[in-house]
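Please walk me through this protein model. I would like a short report with plain headings.

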Amino acid sequence: MKDKLKIVKIVLIVLSIISVLNIFLPYAKATGTYKEYLENNKDSFYIEKIGMKNKDAVNMSLFEFSKIYRETANIDLGDVKEESIIRLVLISAIAISSLLVVLFAFKNKRALIITFNVIAFISFLLLKYDMSSAKVLPSDSYAYGFAYYLYYVVFILIFAGTIYSIICNKKANKETKTA
């Protein structure tokens, strides 16, 4: 039983690290003629203030979205400022919660792994809802990228793995008491 617990711990650590790295993987990908435009003008600036070129906008990660929203949070135009701040908070919640899941996976704090994994997942779902209701993603120009789908898999596997770890730990404790 102790070997199972070690294996589950390693798997949880790997999954939680993937969750953090996912922030830098393509969350959105340009499609159709817009993708062609970006690729044909790859050295032109997409957003000059943050140094983002068109080639960087073909596949955009949550990290790149956060740089865009950090810049647009300074614009007083309609709801742009408020929407940018909300999205920055949600992306930050995903990132910070994912980092805490890594920490607690190393420390084997199962209740905290579940808690922060759920916080990250709820933040992810809220971000998805916010971006889709504002027609940011998906849109005529962008579709969901690899990281979007990977988030679902990783969040579910971390949750299931942590529950399995709790069950294995309870069984190990029972075996120790009866031995």
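I167 counts as partly exposed because its relative accessibility is 41%. Here, buried means under 20% relative accessible area, exposed means over 50%, and partly exposed lies in between (1.4 Å probe, protein chains only). I167 sits in helix α6. Helices (H or I, at least four residues) and strands (E, at least two) are DSSP runs, numbered from the N terminus.

I167 belongs to a nonpolar surface patch with V118, I122, L126, F159 and I163. Together, these residues have about 480 Å² of accessible area. Areas come from the Shrake-Rupley method with a 1.4 Å probe, and for residues only the protein chains shown count as cover. Patch members have over 30% relative accessible area and no salt bridge; like charges are joined within 9 Å, and nonpolar side chains (Val, Leu, Ile, Met, Phe, Trp, Tyr) within 5 Å. Two helices, α5 (110-133) and α6 (146-178), each supply at least two residues of the patch.

## Model and confidence

This is a predicted model, in which local features need pLDDT of at least 70, side-chain atom pairs count only at pLDDT 80 or more, and totals for chains, interfaces and linings use all residues. Residues are numbered from 1 along each chain as its sequence is written, and side-chain values use heavy atoms, with hydrogens and water left out.

The chain has a mean pLDDT of 90, and 99% of its residues reach 70 or more. pLDDT is the predictor's confidence in each residue, from 0 to 100. Confidence is highest in α5, at 95. The lowest mean, 75, belongs to strand β2 (residues 45-47).

## One salt bridge

How many salt bridges does a search of the whole structure find? It finds one. A salt bridge is a side-chain nitrogen of Lys or Arg within 4 Å of a carboxyl oxygen of Asp or Glu. D130 forms a salt bridge with R87, and the closest N and O atoms are 2.5 Å apart. The pair links distant parts of the chain: D130 is in helix α5 and R87 in helix α4 (residues 80-107), 43 residues apart.

R87 counts as buried because its value is 4%. Side chains of opposite charge can pair when their charged atoms come close.

## The open sheet

Three strands form an open, antiparallel sheet in the order β4-β1-β5. The edge strands, β4 (59-60) and β5 (142-144), each pair on one side only. Two strands pair if DSSP finds at least two bridges between them. Strand β1 (residues 28-30) pairs with β4 over two bridges. A28 has M60 in β4 as its bridge partner.

L62 lies in helix α3 (residues 62-72). L62 counts as buried because its relative accessibility is 1%. L62 and L25 are 37 residues apart in sequence, yet their C-alpha atoms are 7.7 Å apart in space.

## Backbone details in the loops

The loop between α5 and β5 holds P138. A cis peptide bond joins L137 and P138, with omega about -5°. K135 lies in the loop between α5 and β5 too. K135 is not a glycine, yet has a positive phi of about 60°. K135 counts as exposed because its relative accessibility is 64%.

N108 is in the loop between α4 and α5. N108 also has a positive phi, near 65°, without being a glycine. With a relative accessible area of 28%, N108 is partly exposed.
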